[in-house]
Amino acid sequence: IGIVIMSQRQLVKNNQERFHMSAHHLGDAVHGPATWLSRSMHDALSRSTDIGSNKDEEILDVEAMVADLSERLTRIEARRTFSVPVVSHSQAKYHEEIEESMKDTQTKSESAIESKPGKLMCEGKEIKSEVVYWKDVSSDKEYIAPTAKQDSYEQYLTFEYDMGGWNNVRMGVECIVVVAHATGRTLVVPPPQNLYLLGAPQIDPKTGKKKHKKLGFSDFFNLDALRSHKGLKVLTMEAFLQRQLVELKLQSKLPPGNKTDLWGKQLWSYLGSIADGKPMWSGTVLAMPDDFPEPGNEKERQLIQQYAAGRRLSRYQEFTNKRHLHIPAGGKHRLLQHFYTFTVFRDSYQRNFYRRLIRDSMRYIDPVHCAGNKMIQAIQSISQNLGFGGKYYALHIRRGDFQYKNVKLPASTIVQNLKGNTIIPRNSLVYIATDDPQGTCEHW
C-alpha cells in the first residue's frame, strides 16, 4: 500500500511551485522512485479533506480504511501505488460503489483502447519521470460525443472561476470542460483573474501599490491539448466578445462600450445579463441523454441511483436550443463537485472517455510537473543519503490558508489522527509540506 497525502494549495504558490506533491511508500509494494498516482486515484485524494481537519466525521479512520483497502487491493496490480484518501469512511464507500458499478464496462472499453505513455518536456528535453501519469490516446482526439448537438450554428458555454481556493476552481473547470464536450458547445475561457489565495502580491511600478498577479486557464492548463480534440471547440473570451459584436443584432446585448477586453465583475455581470440560460446544477447529477434511464430499464435506473446518492437529477433538455449558456460562480449555479460524480452517461464508453479526457488533457502544464519532478528527486536524494533507500512519507499540514482558527490543530492531535505508527512506522523519513506563515509551526 502506498501512502500519499497530496497538497493542492501549499504547493501552488508561483511559477516554480505549482505542482502536486507526491510522497509514498509503505513496505515493499513499490520499489525505486516515488510513483505518482493514476489520475482517478490522484483526484480522489488531492481534493479530499486534509488530515488537519477538526471535523469529527472527517477525521481519518485508519482501521476502517485499511480494512476497506485490503478488500480493494485484490483489484490492483502488485506494483501499483494506492492512496489512502483522507476522507470519512462513508465518503470512501460512496466512491467505491460508483467504482464497482463502472468496473465491468470500464474494463471492456479500456481493453480496446490503444495508448502510449505520456511525454514530459523539461527545458526542451523529454524526460522519463514517475510524475507522468497521463497517456497519449490518439483515438480520443477524434471522438465526438453522441450527446453533442450537431447543428450548423455555434453554441457557447461561458463560466466564472469559483470564488474559493484553487482546488475549488479546478473542480468547477473540469465539470465545465466535460459539459462543453458532451453538449458540443464552444468552451469560452475566461481571461486571467485575481484568484483567491493565488498570485503573490507585486508592486505596481506606476503606482507603487501592491497588486495581485492575475492568473487564468493557460497558467495551469494546456489549451492546445484541449484544442487537439475534434469534439471540443475552445475560444478565448476576447474572441467570443468579438463574435458578439458581429453575431448579435440587439444593441442591449452588445458588450459595454463595444469592448472586447472586459474583466472581473463587469465581465461577469455582462455575461450573466445576456446569457440565454444559467443552469442551476449545484449539488445535482446531470444525466445524459435526456431519456436516460430508459423507462423500465432497471439496470439503468440502479446505475443512476448509485450516482445520484440522493441528489436531484438535472437534465440538459431545456437548454438544448439556447445559443449561450453561462455558469455563474455561486449559489445554485456553483459546480463544487467532481466531474465524475456530476455527470453520468448512458454510454459506458462516453463515461470512461471523460475520465481519460481530464486525465490526459486537463493535466498541468509541463513546467509544473518539471518542478514537481525536481522536488521529488531532491527528497529521494536526501532519503538515499540518510540510508532510507529513497523511501519517504509526506504530510501536508495546512496552517496559513484557513481563516478559521479551530482547524489549526496541535501536532499532538494530528499524530492522534494518524493512529500512532499505524501508517508511518517509527524511524521513518517524513517530509512535511506546510504553509505555516513562519515555516516553524511555532503555534502547535
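**Figure 1. Lining of the second largest cavity in the predicted model, by residue class.** Six nonpolar, two polar and two charged residues form this lining. The residues concerned are Tyr-307, Phe-339, Tyr-340, Thr-343, Val-344, Phe-345, Gln-350, Arg-351, Tyr-354 and Arg-355. About 70 Å³ of space lies inside the second largest cavity. At least two lining residues come from each of helix 9 (339–342), strand 13 and helix 10. The largest contribution is that of helix 10, with four residues.

**Figure 2. The open three-stranded sheet that contains strand 13.** The strand order is 11-10-13, and the pairing is parallel. Strand 11 and strand 13 (343–345) are the edge strands; each has a single partner strand, so one side of each has no neighbour in the sheet. Strands of a sheet pair through backbone hydrogen bonds, in either a parallel or an antiparallel arrangement. Here strand 10 is joined to strand 13 by three bridges in the parallel sense, and to strand 11 (residues 313–314) by two bridges, also in the parallel sense.

**Figure 3. The largest cavity and its lining.** Rolling a probe the size of a water molecule over the atoms shows where empty space is left. Over the whole structure, four cavities of 30 Å³ or more are found. The largest cavity holds about 100 Å³ of space. Its lining consists of 13 residues, and those nearest the centre are Glu-160, Asp-162, Gly-172, Pro-328 and Leu-335. Helix 4 (residues 166–183) supplies the largest share of this lining, four residues. Sorted by class, the lining of the largest cavity has nine nonpolar residues, one polar residue and three charged residues.

**Figure 4. The second largest pocket, with helix 10 in its lining.** This pocket has a volume of about 350 Å³. It is lined by 22 residues, and Trp-134, Lys-135, Lys-141, Asp-360 and Arg-363 are the closest to its centre. Strand 4 (135–136) and helix 10 (348–361) each provide at least two lining residues. Helix 10 provides the largest share, five residues. The lining of the second largest pocket comprises nine charged, eight nonpolar and five polar residues. Helix 10 also gives the most residues to the lining of the second largest cavity.

**Figure 5. The whole protein, for context.** The predicted model has 444 residues, of which 51% are buried. Twelve helices and 15 strands are assigned. Of the contacts with a separation of 6 or more, 76% are between residues 24 or more positions apart. The protein exposes about 21,300 Å² of surface, and 51% of this area is supplied by carbon and sulfur atoms.

Technical notes. Residues are numbered from 1 along each chain as its sequence is written. This is a predicted model: local features need pLDDT of at least 70, side-chain atom pairs count only at pLDDT 80 or more; totals for chains, interfaces and linings use all residues. Side-chain values use heavy atoms; hydrogens and water are left out. On a 1 Å grid over the protein atoms alone, a cavity is a set of points where a 1.4 Å probe fits but cannot get out, and a pocket is an open set with protein on both sides within 12 Å along at least five of seven lines; lining residues have an atom within 4 Å of a point. Grid points are joined across faces, edges and corners, and a volume is the space filled by probe spheres set on the points. Ala, Val, Leu, Ile, Met, Phe, Trp, Tyr, Cys and Pro count as nonpolar, Asp, Glu, Lys and Arg as charged, and the others, Gly among them, as polar. Buried means under 20% relative accessible area, exposed over 50%, partly exposed in between (1.4 Å probe, protein chains only). Contact means heavy atoms within 4.5 Å. Accessible areas come from the Shrake-Rupley method with a 1.4 Å probe; for residues, only the protein chains shown count as cover. Two strands pair if DSSP finds at least two bridges between them.
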